Amino acid sequence: MSTDLAHIRQVMVEADCLYNEEEVEAAIEAVAGQINAELAERNPVVFCVMNGGLIFSGKLLTKLHFPLELSYLHATRYRNQTSGGELFWKAKPEVSFIDRHVLIIDDILDEGHTLSAIIEFCRHAGAAAVYTAVLVDKDHQRKASPDLKADYVGLSCEDRYVFGYGMDYKGYWRNAPGIYAVSGL
Ligand SMILES: O=P(O)(O)OC[C@H]1O[C@H](OP(=O)(O)OP(=O)(O)O)[C@H](O)[C@@H]1O
Ligand code: HPA
């Protein structure tokens, strides 16, 4: 099915900007400060969760001033839709986790099924410790477990479908330079 680009454009026109670029950049700076303070001596291996984690990872990593290794993994459960389904691993990590401190970077903690599964995977693979950083934590009561939180959170957002800074609307607008909520969703 071909994508209706007029619809994609219209979604941006009608969207509500929750955080502009300056606000998001300040939040990333704050997260970097916390990670620099806490993980600098841990020799971490950092995993970008593709695709959504790409922009947050890129912006965050240049603000981390200590040695680290970088890799990626790809787990998806939305597959360009606006509601999640079963988690599907498109690419499992290839770096050894044994006795490593692992930092997982993703764009959004929504219901948290994705992050929970990734944390479980890392622990099972022998990680000494698993830390998580998300740009956005969505504020609602539907988390995969009630106490599920990321260690480092940039911003919280209301319970609406959001896009920008890596987060997509139907595969588009990951490039939007702010965090936007879709009108009506
Ligand atoms: O907290 P959850 O409800 O599990 O949702 C959060 C996950 O959903 C999105 O990924 P998606 O499945 O859309 O894959 P993508 O990043 O490749 O678009 C997002 O990037 C997170 O990884
Ligand atoms: O609100 C969202 N926006 C984009 N991707 C997502 N993945 C989970 N929730 C969201």
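## Where two helices meet

In helix α2, residues I28, V31 and A32 sit against F56, K59 and L60 of α3. Two residues are called in contact here when their C-beta atoms, placed from the backbone, lie within 7 Å. Sorted by class, this contact between α2 and α3 holds five nonpolar, no polar and one charged residues. For the classes, Ala, Val, Leu, Ile, Met, Phe, Trp, Tyr, Cys and Pro go down as nonpolar, Asp, Glu, Lys and Arg as charged, and the others, Gly among them, as polar. The helix and strand names come from DSSP runs, numbered from the N terminus: H or I over at least four residues makes a helix, and E over at least two makes a strand.

How are the two helices set against each other? α2 (residues 21-39) and α3 (residues 54-61) pack at about 60°, and their axes are 9 Å apart. The axes are lines fitted to C-alpha atoms, for helices over the stretch in contact, and angles run from 0 to 180 degrees between N-to-C directions. That makes α2 and α3 oblique to each other; under 35 degrees would count as roughly parallel, over 145 as roughly antiparallel, 65 to 115 as roughly perpendicular, and the rest is oblique. The crossing of α2 past α3 is right-handed, meaning that the near helix is turned clockwise from the far one by less than a right angle.

## A word on the model

This is a predicted model, where local features need pLDDT of at least 70, side-chain atom pairs count only at pLDDT 80 or more, and totals for chains, interfaces and linings use all residues. Residues are numbered from 1 along each chain as its sequence is written, while chains are lettered from A and ligands numbered from 1 in the order in which they are written.

## The six-stranded sheet

Six strands form an open sheet with mixed pairing, in the order β4-β3-β2-β5-β6-β7. Strands pair if DSSP finds at least two bridges between them. At the edges are β4 (88-91) and β7 (152-157), each pairing on one side only. Ignoring direction, neighbouring strands are turned by 25° against each other on average.

β2 and β5 run parallel and are joined by four bridges. C48 is found opposite I105 of β5. The two helices from the opening come back here: α3 packs on the sheet, touching β2, β3 (69-76), β5 and β6, and its direction makes about 130° with that of β5. As for α2, it lies across β5, β6 (129-138) and β7, running at about 155° to β7.

## The three-stranded sheet

There's also an open sheet of three strands, ordered β1-β9-β8 with antiparallel pairing. Its edge strands are β1 (16-19) and β8 (162-163), which each pair on one side only. β8 and β9 (residues 179-181) are linked by two bridges in the antiparallel sense, and F163 has Y180 in β9 as its bridge partner.

## Around the ligands

Which residues come nearest to ligand 1? Of the 19 around it, they are G52, T76, Y78, D110 and T114. β2 (45-50), β5 (101-109) and α4 (113-124) are the elements giving two or more residues to this shell, and β5 gives the most, with four. The shell splits into six nonpolar, seven polar and six charged residues.

Ligand 2 has Y78, I108, D110, Y161, V162, F163, M167 and D168 around it. By class, that's six nonpolar, no polar and two charged residues. For both shells, a residue is near if its C-beta atom, placed from the backbone, lies within 6 Å of the molecule.

Most residues other than glycine have a negative phi, and most peptide bonds are trans. The bond from M50 to N51 is cis, with omega near -10°; N51 lies in the loop between β2 and α3. D99, in the loop between β4 and β5, has a positive phi near 60° and isn't a glycine.
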